[in-house]
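Me: I have just started learning to read protein models. Could you pick one part and take me through it slowly?

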Amino acid sequence: MSECVFCSIVRGDAPSHPVCEDEFTLAFMDRFPLAPGHVLVIPKQHASNIFEIDPESLAAVSRITQQLAHGIRKAFDPDGVMVMQLNGAAAGQTVFHYHAHLIPRDQGSSLTLQPRVEAQDHALAGWASRLQAALD
Ligand code: ZN
């Protein structure tokens, strides 16, 4: 758990491009985005997956997920928004701290989860600003 990169981001020990946070949650841009505007929501309290997360944190993550979906639609105007949440390596989970992906999707764009290419910091910062401006 001391090696958990998302816990390091919550503590501010690892860099991220945050979008918003509250008592229970933090949202930040995915460093390996599937599309511009791909954002993650995590509980601040460590939980590996949906089997471990406490219901209060899960509800908070869901609340922010909906706000971010509205923000993505306003900021990026995609044809759709994919919300994806993976539990266990067999399901494709690679960071074992609960997280929900919000991914802008356009008609005809591939649903494959590859390739994952690390985005430039200036791109991530720009998308975070666009998303922040579109919230509330
Ligand atoms: Zn963690």
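Reply: Happy to! Helices (H or I, at least four residues) and strands (E, at least two) are DSSP runs, numbered from the N terminus. The expected span of a helix is 1.5 Å times one less than its number of residues. This is a predicted model, where local features need pLDDT of at least 70, side-chain atom pairs count only at pLDDT 80 or more, and totals for chains, interfaces and linings use all residues. Numbering starts from 1 along each chain as its sequence is written, and side-chain values use heavy atoms, leaving out hydrogens and water.

Let's look at helix H2, residues 55–76. With 22 residues at 1.5 Å each, H2 should span 32 Å, and its end C-alpha atoms are 31 Å apart, which agrees. Its buried residues (under 20% relative accessible area, 1.4 Å probe, protein chains only; exposed means over 50%, partly exposed in between) are Ser57, Ala60, Val61, Ile64, Thr65, Leu68, Gly71, Ile72, Ala75 and Phe76. Viewed down the axis of H2, they fall within an arc of 145 degrees (taken from the directions from the helix axis to the C-beta atoms), so they line one face of the helix.

What lies over that buried side? Finally, just after H2, Asp77 has a positive phi of about 50 degrees.
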